[in-house]
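Have the viewer open while you read.

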Amino acid sequence: MEKFFEVNFDGLVGPTHNYAGLSVGNIASLKNAGEIARPKEAALQGLKKAKSLKDLGLKQGILAPHQRPDLEVLKRVGFTGSPEQIIEKAFKRAPEILAACYSSSPMWTANAATISPSPDCTDGKVHITPANLNSKFHRSIEPELTGNILKQTFKDENIFVHHRHLPEGLHFGDEGAANHTRFCSEYGKSGVEFFVYGRHAFHAGKPHPKKFPARQTLEASQSIARLHGLDPSKTIFAQQDPNTIDAGVFHNDVISVGNKNLYFYHEKALLNTDDVLAEIKEKFGDSEFHFIRVPDNQVSVQDAVETYLFNSQLVSLNETEMAIVLPQECEENPRVKAYLEELKELENPIKEVKIYDVKQSMKNGGGPACLRLRVCLNESEIKGVNPSTILSENIYAELVRWVEKHYRDELTANELRDPKLLYECQRALDELTQIMELGSVYPFQKN
Ligand code: SUG
């Protein structure tokens, strides 16, 4: 059997990274609304994390940012004229819509798509479904271009099956891999695909949050499992505890994370936790499985939301050992810091704790795990990936040079009015499509 491994595709932070307070239910996004953003620093922080994981011996890819502003959307909602006029009118009459069309949110590639690897799918291919992200307007404009970027990245049609995103509308709200985890004894063996949803779309009487929206529906998760041809005896649908959503846990990856035979979770993450854990155990089979339960009296849900302890990456260093990749905020909270000391002593596969500064993204509610999309591939499948999207020394150096050349140091909400920003972005992305060999993937390149 060919060797399989996990490749993390990190989102390259786009040149218009800013704090617009667009995500109700995401506490950091609202708290930092209106702050001065630092796009260059944000992109370099993200690239540094990706490079450092590559240097650990892991395979690392990059997904390109989106064209911003999204002029097509601005036109669809009635702003007319030249690009400059459209921007000026939108800034004056509906600055919140302009900000949404300028958001750099595609950087959180955990929300780009759900990907099932070939050992889990009946046809033996890798299945990819972009998320419709329809719970937030600024994110609902992502799926089409995300789908095209994914097609330019996962190129070989004999290996990758690209599905269309699920129907728009709240019934099929889908947030991609942020609510999807895969457990397996080895990456190349068929795994258990674990979907976590926030509400039932067609059954109003079922538990649901009261204050904040549940972005993922059961019906969306079930649709993905059907599209990907997953084996029902190896698929689980679990509901997130609605109270945690109301406490600011807008995706499951803010409150639990899994890798291979390890599930690291907060005790309040799920509804009916005991039943779910029993189902994981049963569907996983006989090999050893590690559950690491974090009790509320040691780390509260609020601590988890503030530090993103669970928005960590669990990466395999070899067959049995893992590292946990955490944001710096975890070191700044005494309870989480103490917990991490204890974790090192526990008998479990986590042998290394790695801390990164991704503050620019964190201030919009995006930690290390939000910034990456996991894809499990074998040696032949990786040959079907566009090689210029895989982080090499050379591509890293090129991307750093590209960011340094094109990105602003600072960006405020008022500066979104500046038409020069539109052309700066277009020049930057035009050059990026050459570095990453993405063809004319952006709409402005087709006109
Ligand atoms: O969808 N923030 C993103 C953060 C996504 C985090 N992803 C995962 N947990 N996987 C969101 O809420 C804020 C943008 C702003 O307010 O400007 C934002 O979109």
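1. Which strands do the buried residues of α8 pack against? They pack against β3, β4, β7 (192–197) and β8 (235–239), with buried meaning under 20% relative accessible area, exposed over 50%, and partly exposed in between (1.4 Å probe, protein chains only). Helices (H or I, at least four residues) and strands (E, at least two) are DSSP runs numbered from the N terminus.

2. Before going further: this is a predicted model, so local features need pLDDT of at least 70 and side-chain atom pairs count only at pLDDT 80 or more, while totals for chains, interfaces and linings use all residues. Residues are numbered from 1 along each chain as its sequence is written, and side-chain values use heavy atoms, with hydrogens and water left out.

3. Back to helix α8 (residues 218–228): 8 of its 11 residues are buried, so the rest of the structure largely encloses it. The buried ones are L218, E219, A220, S221, S223, I224, A225 and H228. Just after α8, G229 takes a positive phi of about 70°.

4. Now the ligand. It is surrounded by 22 residues, and L22, S23, H138, D253 and C370 are the closest; a residue is near a molecule if one of its heavy atoms lies within 4 Å of it. That shell divides into 8 nonpolar, 11 polar and 3 charged residues.

5. A polar side-chain atom of H138 sits 2.7 Å from a ligand oxygen, and a side-chain N or O atom of S29 is 2.8 Å from an oxygen of the ligand. D253 places a polar side-chain atom 2.7 Å from a ligand nitrogen. Taken alone, the ligand exposes 480 Å², and the protein buries 100% of that (Shrake-Rupley areas, 1.4 Å probe; for residues, only the protein chains shown count as cover).

6. S118 is worth a click. It lies in the loop between β3 (113–116) and β4 (126–130), and it counts as buried because its relative accessibility is 8%. Its side chain makes a polar contact of 2.6 Å with the side chain of E381. Leaving aside neighbours within four places in sequence, S118 is in contact (heavy atoms within 4.5 Å) with F4, G124, K125, V126 and E381.

7. Two residues from other parts of the accessibility scale. D286, in the loop between α10 (273–284) and β11 (290–294), is exposed, with a relative accessible area of 82%. K151, in helix α7 (residues 143–153), counts as partly exposed at 44% relative accessibility.

How values were computed: Polar contact = N/O pair within 3.5 Å; in protein donor to acceptor, adjacent residues only side chain to side chain. Nonpolar A, V, L, I, M, F, W, Y, C, P; charged D, E, K, R; others polar.
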